[in-house]
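User: I am new to this structure, and I would like to learn how to read its features step by step. Could we begin with the way helices pack, and then turn to the space inside?

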Amino acid sequence: VVSRLSPAPASPLNVPIGTHRTLAYARVPVADLKRIKDRFGGTVNDVVLAAVAGAVRGWLLDRGTEVEGLELRAAVPVAIASAGRGGPDEARPITMLYAPLSVGEADPLVRLSRVRHAMSTSLAAKRTVGADTWTASSSFGVPSVLAQASRVPLADRHFNLLVANVPGPQAAMYLQGRQLRHTLAVPFLSGDRALAIAATSYAGWVEFGLLGDQDKLPRITLLAAGIESTVAELLELAQPSSNGRRPPAAPRTL
């Protein structure tokens, strides 16, 4: 419940923004994200959020920012069951959940564990729908979902950045015999947030669009590279050669 959340901590991501934008891109295999979540538990979306936490941590450290003990908060749009009959053509309402990004934590498995616990607790209180149900609606479309998310009332004091993960078609799409090679979801900036991230899955890949304020968010490409490197780090830990290491038990309270 938003009213019970404390204000999000201040960070270099929360500054007055201008009108200029920079867009960066990252891409990781869906199979890698599934292998990580199968090994350590949770969902693909938990792994996406943990990858973002690792990327933000690396970006802050590159700036020389002190991160010890710092935990940022991401707003995460999810689809919920509507009050109607829930037919395949019915539009799905969007609500916001809030996930901790433990950028002050050096251990990637601890970051993942905290995200997993927080999201499972939040999802348990919501009538969310799965990706298959969401995408089955004829009104579904990645741009329309992001547009709908932009109209959800946001508790401005309670999060540092938006992280939207929107499922897309897993089969290759064609237009006049030409295959669609890539998709790139473009999120939106609001308030005093200099960074927003949107991910969408397509044909075996999750592709990230990172939108930043051009003047206030230098080296946004470092953030994009950080997403890919954090996924690679988690994937390495998920291998049998990692000596069976698993994330520590998550705390019962946030």
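This is a predicted model: local features need pLDDT of at least 70, side-chain atom pairs count only at pLDDT 80 or more; totals for chains, interfaces and linings use all residues.

Analyst: In general, two packed helices are described by the angle between their axes and the distance between the axes.

User: Which residues of α2 and α6 make the contact?

Analyst: From α2 come V47, A50, A51, V52, G54, A55, V56, G58, W59 and D62, while α6 brings L222, L223, G226, I227, T230, V231 and L234. Sorted by class, the contact of α2 with α6 has 12 nonpolar, 4 polar and 1 charged residues.

User: How many cavities of 30 Å³ or more does the structure hold, and what volume does the largest cavity have?

Analyst: The structure holds 1 cavity of 30 Å³ or more, and the volume of the largest cavity is about 50 Å³. Its lining has 10 residues, of which F159, L162, F188, S190 and R193 are the closest to the centre.

User: Which elements give two or more residues to that lining?

Analyst: Those elements are β4 (161-166) and β7 (195-202), and the residues of the lining divide into 8 nonpolar, 1 polar and 1 charged.

Conventions
Residues are numbered from 1 along each chain as its sequence is written. Side-chain values use heavy atoms; hydrogens and water are left out. Contact means heavy atoms within 4.5 Å. Helices (H or I, at least four residues) and strands (E, at least two) are DSSP runs, numbered from the N terminus. Ala, Val, Leu, Ile, Met, Phe, Trp, Tyr, Cys and Pro count as nonpolar, Asp, Glu, Lys and Arg as charged, and the others, Gly among them, as polar. On a 1 Å grid over the protein atoms alone, a cavity is a set of points where a 1.4 Å probe fits but cannot get out, and a pocket is an open set with protein on both sides within 12 Å along at least five of seven lines; lining residues have an atom within 4 Å of a point. Grid points are joined across faces, edges and corners, and a volume is the space filled by probe spheres set on the points.
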